[in-house]
Amino acid sequence: MTLSRKHLTDSLVISSRIALLTLLMVSCSSHENAIDTSSSPEQTIWYKQPAQEWIEALPIGNGRLGAMVFSDPQRERIQLNEDSLWPGDDGWVNKDGSPEDLAKVRQLIFEGRHPQADALFLEKFQSDAIVRSHQTMGDLWIDFGKVHYQNYRRSLDLDTAVIQSSYLIDGAAVTQKIFTSHPDDGLLIQYHSDSDSGLSGMVTMTRPKDNGHDTATSFVENQALVMQGEVTQYGGKFNGENRPITFGVKFDTRLKIKHEGGELIYHKHGIELKNVRTATFYLVSNTSFYDQTSYITNSKTHLDSLSSHSFEEALSRHISDYQKLYRRMKLDINNSKVDLPTDLRLQAIKDGKVDVGLEELLFNYGRYLLISSSRPGTNPANLQGIWNDLLEAPWNADYHLNINLQMNYWHANVTNLDELNLPLFDFIDRLIENGKVVAQQTFGCEGAFIPHATDLWAPAWMRSGTAYWGASFGAGGWLMQHYWHHYLFTQDEEFLSNRAFPAIQEVAKFYSDWLVRDPRDGKLVAVPSSSPENSFIDINGERAVLVAGSAKDQQVIHEVFTNYLAAARILGIENAWTKKISVQLPQLRSGIALGTDGRILEWDRPYKEFEPGHRHMSNLYAFHPGVDITYQETPELVDAVKKTIETRLANGGGHTGWSRAWFINLNARLLQGDLAHDNILYLLQKSLADNLFDMHPPFQIDGNFGFSAGVAEMLIQSHEQQLIRILPALPTTWKNGKVQGLKARGNIEVDIEWEDGMATSLRLYSPVAQQLEVIVNGERKAVKLKANQAIQVLSV
């Protein structure tokens, strides 16, 4: 049975609220209140000129509703986004491949006919050239005409999530403040002019046409500017064929203006400001995805409610709500404060200078962006978070599951933002339900199959015009890591029982049925199998993709089986699947095999690499983000990891922003602080736009999130058994500093101070009694934590 969109949405909101309540109950026991953070160069992104291009504008968001703010005193553009604005689910389904076709593909692989296997798999199972994209809502325009301004400044304060601009017009000060409120679920703007003549201009809203088709109308109704529209995709494609989508999510966006001084004049399609001293804008937007039948009515009452409050009241609620998340932790790397415009600071780094403060700022920016694009009850952050100005975004601004969506959430737990994972879990739960159908009908397997890419409607059919990146089978298992790690960080057994275990079990069931016995060595392997977006040269000199048991897929399946059985033991569950998988686990071929040069093989045999400097490091999954290769348990494999990384980088690896962020995390796990910092510099020099968005290129937000995760990994590591490493990869450039509120597995909060590269203070807090070890300043210390009592482990 297919659930209605409204039913699906109601379910995800309810499940989010239940999980959020549990998290809040846990967080209420924290050893201290929100950490005080004052605005500083490391909390503020600012410029001396307005944004000219979209990639120069500054982002705001409340999880669902977002905007890119240009802060132009002449013709202000505020590009609007909402996370559910997608063209409709047009009934696209998986190709008609069958278990019999799968058997033929497997036979070709075992016969060593890899290119033929690739071609058959593509023909039978993959849908070519998909265009169905997340889309912009449109633009709010505030046109003041050709005014002459001086002393210009615009800024984004990460501590308050407020964008402000200020300038002089004819000697009179003008200010603009803008924020998106989560508690009031709206966008607010306030202009103020000190001039007696105030501000005069025209306010309108527009949306781009879709291949010549109007997609929205705007009008004034009851003194509100309204834009109503429906998301379409007239340039849609499915399986390489033109498939226009003429329907989609509908939206109703409304704007009301309150003013002091002057007057408002209401036109048919806009609102005119005339000599207004203070203008307060209230904007709301509601969509049919969240409420299929009442979104317009909701929008009207929503606007009335929002506009009943003063700007100051709404701002106070917004800051209080936002800082409950943002101020849970604070990083302060002592350095000479550089109070220069952000674009100039970035350029200085590109010119060869080091700016540790900008590194700290970028870390904070990653936390800000996640808070702004992923809140309980919303959709998860996509390839661009929620910020997209196009009707046809790069890679559809959808959800890529072969690292990108996962990287978006790497830093959530460790930076003390546990509940921001909930949209991810809500979405995956929906995806699993659709994946059950594909698993059974297409592959003849139990459980759920999850493809490498999907979108708002959580389809589980396979896409891509090549097996090179579309024939990916490790995505489901990789996503399950996030459920397991969330449990490890929160110790929330209710979450483990009600959310994590059911999800992990469905994916484990699929892999259990997917495995076959390799006639070459009798081991269980995943067939077909690939290494994401990479390819090799087979023994016949042909480029190929599919093998029997790539390193990454074997590593992922081993991890899923291990975590599934561990969860079952914790919950006291024993069933047919735990018994079957317990037998299969030791029969898996290891995904960690070394070549003659000491590197970890990427495929099932030592094939020649087609692209030695590839951007993915999939054969190192077991090291990071996985935990099967560690200094604690398998130190003999760490050198193999190092050699693998060195070879990849020597051949040009890390050339995309998110890939460079992955290298930062890998170097941190290797306890190589200075090498990690080298990659930080490369990221800043080569992969950041002036507004600090990560550039693939083009813009992809995973590099921002992966960077923040990497910095946290340099400061604390807790992936080994009952062990926390303190400042494990501190670079020499971060000589002195402190961090408060980082989180370790075990639901342990950690505060650290250091001088001359050595920890001088270490404080741990746990809501439950537990024992563990810490490695600090090269020494291993046993620690006994008492429930709800902070312990000073080190004080120098």
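Two strands are taken to pair if DSSP finds at least two bridges between them. In the predicted model considered here, strand E31 (residues 736-744) and strand E32 (residues 748-755) run antiparallel and are joined by 6 bridges. Within this pairing, Lys 738 has Glu 753 of E32 as its bridge partner. The two strands, E31 and E32, form a hairpin in which 3 residues lie between them, and Gly 746, located in the turn, adopts a positive phi of about 95°.

Strand E31 also pairs with strand E20 (residues 330-334), again in the antiparallel sense, over 5 bridges.

The buried residues of H2, where buried denotes under 20% relative accessible area, are Asp 101, Leu 102, Val 105, Arg 106, Leu 108 and Ile 109. These residues cover an arc of only 160° around the axis, and they are therefore placed on the same side of H2. The packing partners of the buried residues of H2 are helix H3 (114-125), helix H9 (422-443), helix H12 (493-514) and strand E24 (515-517). Just after H2, a positive phi of about 80° is found at Gly 112.

Definitions and conventions. Residues numbered from 1 in each chain as written. Predicted model: local features only at pLDDT ≥ 70, side-chain atom pairs only at ≥ 80, totals over all residues. Heavy atoms only, no water. Buried < 20%, exposed > 50% of the residue type's maximum accessible area, 1.4 Å probe, protein only. Helix = DSSP H or I, 4+ residues; strand = E, 2+ residues; numbered from the N terminus. Arc of directions from axis to C-beta. Contact = heavy atoms within 4.5 Å.
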